[in-house]
Amino acid sequence: MAPSPTRVVIVGGGFGGCFTARRLERIFGGGGAVEVSLVNRDNYFVFQPLLPEVASGAIIPHQIVNPIRRMLPRTRFFQSEVDGIDLEKREVAVLVGEGRQHHRLPFDHLVLAMGTVVNMSGMPGMSQHSLPMKNLGDAFYLRNHVVGCLENADIEPDPELKRALLTFVVVGGGFSGVETIGELQETIEAVLPSYPNIRRGDVKLLVIQSGPRILPEVVPGLADYARKVLEARGVEVITGTRCQAATADAVLLPDGRRVPTRTLVSTVGNAPHPLLSRLPVKREKGRVVAEETLSVPGWAGVWALGDCAHVVSADSGQPYAPTAQNAIRQATVCADNIAAAIRGRPLRPFRFRALGSLASIGRRSAVAQIMGMRFSGFVAWFLWRTIYLSKLPGWERRLRVALDWTLDLFFKRDLSQLKVFQSERVDEAHYEPGESIVKQGEIGDRFYIIARGAVEVVREDEGGLTCTRLARLGPGEHFGEVALLQNVPRTATVRAVEPTDVVCIGRGDFDAVARSFSLLKAGLQQEAIRRGPS
Ligand SMILES: Cc1cc2nc3c(=O)[nH]c(=O)nc-3n(C[C@H](O)[C@H](O)[C@H](O)COP(=O)(O)OP(=O)(O)OC[C@H]3O[C@@H](n4cnc5c(N)ncnc54)[C@H](O)[C@@H]3O)c2cc1C
């Protein structure tokens, strides 16, 4: 009998995860000795540095993503949410399928590459009213939102409301904030001739940075250059200021200033991934501490890299910055060291000195610092485009992006507002007799109210041999709250016994209502105790 393969499980399909898998595919080929699995929420890899270009409409969203199955043909891919990691039992819990059932992936080697999450809870109103800039959906949404603001402003009779619609605020003056405001400015200026009722002077763009200068990643001279260029184009650059709060209508600054706006973009608020806080590993500011070899101390066969890892550089004594540049290089070392560990060979350390930094500021201008040399203006912009193009995975994507950029030089930016609606938050559904609405053992992510018909609540024993009927519920009654309130899998199955219509409320909305409406939450909790698990 053939020996079972060594199982490598990678959590996260960003720069760290995908490039580790790609290197492992190259090392081990398609042989069966090593089985590589990768779990990612989306079925594509996103080239995040080009998100601001998607937000401005310079690139079509599809061009900066690669389907992971195509990128990694010899890797077992799971488009799922990782829900838990058990380092003792050496398995990863993923939620699979429509019913979000738990599935366990055992591993011999585990690669932690899940990046960071956005957490804006530190500033009142920010999580509710700001638009993040982290994934493809954010960039796509922002582009359409900006076009929507221009459309509304063009026909808005109330001057105050018109001013708010034409005020665009970006919080965060690092690379992504500066690139976002630069791209927005370029796009808005390019499309304004199509809006006869908006004058150039009606549009206000602001970038707010808490530190003393924008672009702290580059030398002060280049940051000053970027600031002057942005200001010359009418962008107000506010430094040394932390936003106090955000509301549906405005952003509030510490000096008492209230800036009415309908567009508040946040490029700050990156926080450690919550899954990491549950691991019995050493952490530094929430990131997993890894050795120079990228192995996690105390856990043989566990590796961490990219934004979720804290790896100290032997040269500088400082942790490596959370950049794509570092994540890609760490991925090579991580894969090589996994291969070395499997083959019983010595591991090598990750040593890398960043080659430089680049930031586009829109309108064919950028700042760049590459291997000690400084560039600004058009030359820097040309370098910026060439370097990013060369880094995009796959020739097809490179060609498509190059084509988009070339067309952008000759044609006007598109101003169609593509309305992509979120699925209804409060949904209605119909079930015929015998159909299950929730199934025992599933992860509960909805709360249900019966509008018409009747259901029965049944519980199966462990072996599934016997089934106990717990209740029959009718119009006006509800179910599904226990799994949401107690965060446990469904403890019973609910199925229709008549043609039944239900109103379904998703977990996010249920949590938001239960959090703020204490009477409802207390009532549901009491009812759950009275009924017992359901
Ligand atoms: C707008 C923007 C511009 C940037 N510009 C630059 C730049 O110019 N240069 C540069 O070097 N860097 C840049 N960066 C930073 C760079 O993109 C990150 O450093 C890099 O993406 C980190 O790679 P990673 O693999 O660690 O994390 P990520 O690329 O964030 O990948 C993590 C992946 O894990 C997945 N994941 C997370 N949790 C789960 C879970 N529970 N279950 C399943 N999947 C999960 C996520 O969906 C994601 O796909 C930029 C970032 C942004 C947002």
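Author: A polar atom in the side chain of T180 sits 2.5 Å from the backbone oxygen of S176. That makes a polar contact, meaning a pair of N or O atoms within 3.5 Å; inside the protein one atom must be able to donate a hydrogen and the other to accept it, and neighbours in sequence count only if both atoms belong to side chains. Please keep in mind that this is a predicted model, in which local features need pLDDT of at least 70 and side-chain atom pairs count only at pLDDT 80 or more, while totals for chains, interfaces and linings use all residues. Numbering runs from 1 along each chain as its sequence is written, and side-chain values use heavy atoms, with hydrogens and water left out.

T180 belongs to helix α7, residues 175-191; helices are DSSP runs of H or I with at least four residues, strands are runs of E with at least two, and both are numbered from the N terminus. Because its relative accessibility is 1%, T180 counts as buried. Here buried means under 20% relative accessible area, exposed means over 50%, and partly exposed is what lies in between, with a 1.4 Å probe and protein chains only. Leaving aside residues up to four places away in sequence, T180 touches P52, M133, L142, V170, V265 and T267; a contact means heavy atoms within 4.5 Å.

M133 lies in the loop between β11 (131-132) and α5 (136-154), and its relative accessible area of 11% makes it buried. Apart from residues up to four places away in sequence, M133 touches L51, P52, A55, D138, A139, L142, T180, V265, S266 and T267.

In strand β11 you will find L131, which is buried, since its relative accessible area is 14%. The contacts of L131, again without residues up to four places away in sequence, are Y141, L142, H145, T263, L264, V265 and S266. L131 and V170 are 39 residues apart in sequence, and their C-alpha atoms are 9.3 Å apart in space.

Now to the rings. The model has 12 aromatic pairs; rings of Phe, Tyr and Trp (its six-membered ring) pair if their centres lie within 6.5 Å, and the planes are called stacked under 30 degrees apart, edge-to-face over 60 and tilted otherwise. F15 and F45 make an edge-to-face pair, at 5.0 Å centre to centre with 85° between the planes. This pair links distant parts of the chain, with F15 in helix α1 and F45 in strand β3 (residues 44-46), 30 residues apart. F15 is buried because its relative accessible area is 9%, and F45 is buried because its value is 0%. A tilted pair joins F350 and F352, with 6.3 Å between centres and 40° between planes. F350, at 2% relative accessible area, is buried, and F352 counts as buried too, at 14%. Ring pairs also tie F15, F19, F45, F47, W384, Y388 and W405 into a cluster.

Y388 from that cluster is also among the closest of the 27 residues surrounding the ligand, along with G16, Q48, H273 and D307. By residue type, the shell divides into 11 nonpolar, 13 polar and 3 charged, where Ala, Val, Leu, Ile, Met, Phe, Trp, Tyr, Cys and Pro are nonpolar, Asp, Glu, Lys and Arg are charged, and the others, Gly among them, are polar. Backbone N or O atoms come up to ligand oxygen atoms at T323 (3.4 Å), A324 (2.9 Å) and Q325 (3.2 Å). On its own the ligand has 990 Å² of accessible area, and the protein covers 90% of it; such areas come from the Shrake-Rupley method with a 1.4 Å probe, and for residues only the protein chains shown count as cover. Elements giving two or more residues to the shell are α1 (15-28), β6 (81-86) and α10 (324-343). The largest share, 3 residues, comes from α10.

Lastly, a backbone detail. Most residues other than glycine have a negative phi. L215, however, has a positive phi near 45°; L215 lies in the loop between β13 (204-208) and α8 (220-232) and is buried, at 0% relative accessible area. R363 has a positive phi of about 45° as well. R363 lies in the loop between β24 (356-362) and β25 (365-370) and is partly exposed, because its relative accessible area is 39%.

Conventions:
Near = heavy atom within 4 Å.
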